[in-house]
Number of protein chains: 2
Amino acid sequence: LRLAVVGVGLIGGSVALGARERMGVRVSGWDPDPGALASGVVDEVASSLEDAVCDADLVLVATPIEALRPAIGAVLKANERAVVTDAGSVKRGLPEHPRFVGGHPLAGSEHAGAGHARADLFDGAPWFLTRSHEAVEELVRGMGALPHVVDAETHDRWMALTSHLPHVIADVLAEMANAQEEQAASRIHSLRSLPRGPSFRDATRVAGANPPLWRGIREANADFLGEAIEDFTKRLEDRR
Amino acid sequence: LRLAVVGVGLIGGSVALGARERMGVRVSGWDPDPGALASGVVDEVASSLEDAVCDADLVLVATPIEALRPAIGAVLKANERAVVTDAGSVKRGLPEHPRFVGGHPLAGSEHAGAGHARADLFDGAPWFLTRSHEAVEELVRGMGALPHVVDAETHDRWMALTSHLPHVIADVLAEMANAQEEQAASRIHSLRSLPRGPSFRDATRVAGANPPLWRGIREANADFLGEAIEDFTKRLEDRR
């Protein structure tokens, strides 16, 4: 088996390391940022997307969400037999192609980039797939993750509620707390800061995480996120 | 120094243990539930509130929030020289008395009751006080906690935003996820459950915690919690 990784960041780099260390797979990689490949997570640094994927049996596309659609299209064109999967957080809007299987591992870290890649990043993590596919499920299990097959729409609604909405909530809570603390400090001369308890720290742990990445995710799932916000605010108002 | 604890639950029991183990203080305790005192966290089990506090220099009232005001009143009457403090999550609505100092440790556990009391529960935790008072601050520091003096209104606004609102949010998110999962399972025959990622787990960690306790807290701070919900939903709608 030969694996190619297009977009060697935290996720792509961790899959590359995992596939090499745990599955004995040879991995080629390409990233538009040459620094990403200096980290040594792949066996073979390709000089173009086409070079990276031409000999692969399986290709993982792990670019930022805005770049997924064109990158997947380019991979399907450059290699006419490989199975292609991705790692994006939104599963609609991607090519419908018999060789493409949408994927999304529920794993990450506050540290982005291949420099933080770890072979064990996916141990025990759920990994969504938009359809059942033996070779892709084998890769997922090889990473120590658990495949969950579910259609793109069900996935995106679920992510809007259980991931994208909690991120927006965290940002808003952190923004409000900073504003209220500043106001209190302007009123009370001796006050420098107000302590934040464990429930606030839990609720805001993901606040401010990787803004460009999250902007892309929110935009790609804007319809379902909007519906989730509407339902959520209604239920919250009912509890006043 | 003699300490009396009125209401021997997780908080009262942990202060009793901490005061005995770390400060060498003799502690008497009273709780309407005789089972609470069977745990052995106090030196002396009193048969009434009056018996518990009559010889004390310092009294901690750690009852559920609804019972605080009458209990503090009864303590101030039963002992005419002791300093009285409490551990309630809302600091307005309590007696204004020269011997009363409002208190609120930002610590807890998902396990209620004196049976889960621990002398180290407050290590490193912030502990709000509504005014500066040497003996009470000494007790707080003796518990390993950090005193933060701030007026009752500033405290209650801050708690509405950083604790009570996150609890309501956690409940609503958990309720929505359960509803959506059920709906998806009714549509997709093979679906048993949908995995919940780390940001959802963080955001809902406190969901469903001790409902009667939290109902009391929300009611006691309903005005500021309502304002926080209003401001929060406005900001959230702005992000749609």
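Here are a few exercises on this two-chain structure, each with a solution worked through step by step.

This is a predicted model, where local features need pLDDT of at least 70, side-chain atom pairs count only at pLDDT 80 or more, and totals for chains, interfaces and linings use all residues. Residues are numbered from 1 along each chain as its sequence is written, chains are lettered from A and ligands numbered from 1 in the order in which they are written, and side-chain values use heavy atoms, with hydrogens and water left out.

**Exercise 1. Work out how chain A is related to chain B.**

(Copies are superposed by least squares on the C-alpha atoms of residues with pLDDT of at least 70 in both.) Step two: name the relation, which is that of a two-fold axis. Step three: check the contact surface. 100% of the interface residues of chain A are also interface residues in chain B, so the copies meet through the same surface.

**Exercise 2. Find which residues line the largest cavity.**

Start with the search: the whole structure has three cavities of 30 Å³ or more. On a 1 Å grid over the protein atoms alone, a cavity is a set of points where a 1.4 Å probe fits but cannot get out, and lining residues have an atom within 4 Å of a point. The largest cavity holds about 50 Å³ of space, a volume being the space filled by probe spheres set on the grid points, which are joined across faces, edges and corners.

Next, read off the lining: Q180(A), A184(A), R187(A) and L194(A), plus T154(B), R157(B) and W158(B). Two elements give two or more residues each, namely helix 6 (152-187) of chain A and helix 6 (152-187) of chain B. Helices (H or I, at least four residues) and strands (E, at least two) are DSSP runs, numbered from the N terminus.

Last, sort by class: three nonpolar, two polar and two charged residues. Here Ala, Val, Leu, Ile, Met, Phe, Trp, Tyr, Cys and Pro count as nonpolar, Asp, Glu, Lys and Arg as charged, and the others, Gly among them, as polar.

**Exercise 3. Describe the open sheet 7-8-9 of chain A.**

First, the order: three strands run 7-8-9, with mixed pairing (two strands pair if DSSP finds at least two bridges between them). Strand 7 (103-105) and strand 9 (146-149) of chain A are at the edges with a single partner strand each, so one side of each has no neighbour in the sheet. From one strand to the next, the twist averages 25°.

Now zoom in on one pair. Strand 8 (residues 126-129) and strand 9 of chain A are parallel, with four bridges; F128(A) has H148(A) as its bridge partner in strand 9 of chain A.

Axes are lines fitted to C-alpha atoms, for helices over the stretch in contact (heavy atoms within 4.5 Å), and angles run from 0 to 180 degrees between N-to-C directions.

Key. On a 1 Å grid over the protein atoms alone, a cavity is a set of points where a 1.4 Å probe fits but cannot get out, and a pocket is an open set with protein on both sides within 12 Å along at least five of seven lines; lining residues have an atom within 4 Å of a point.
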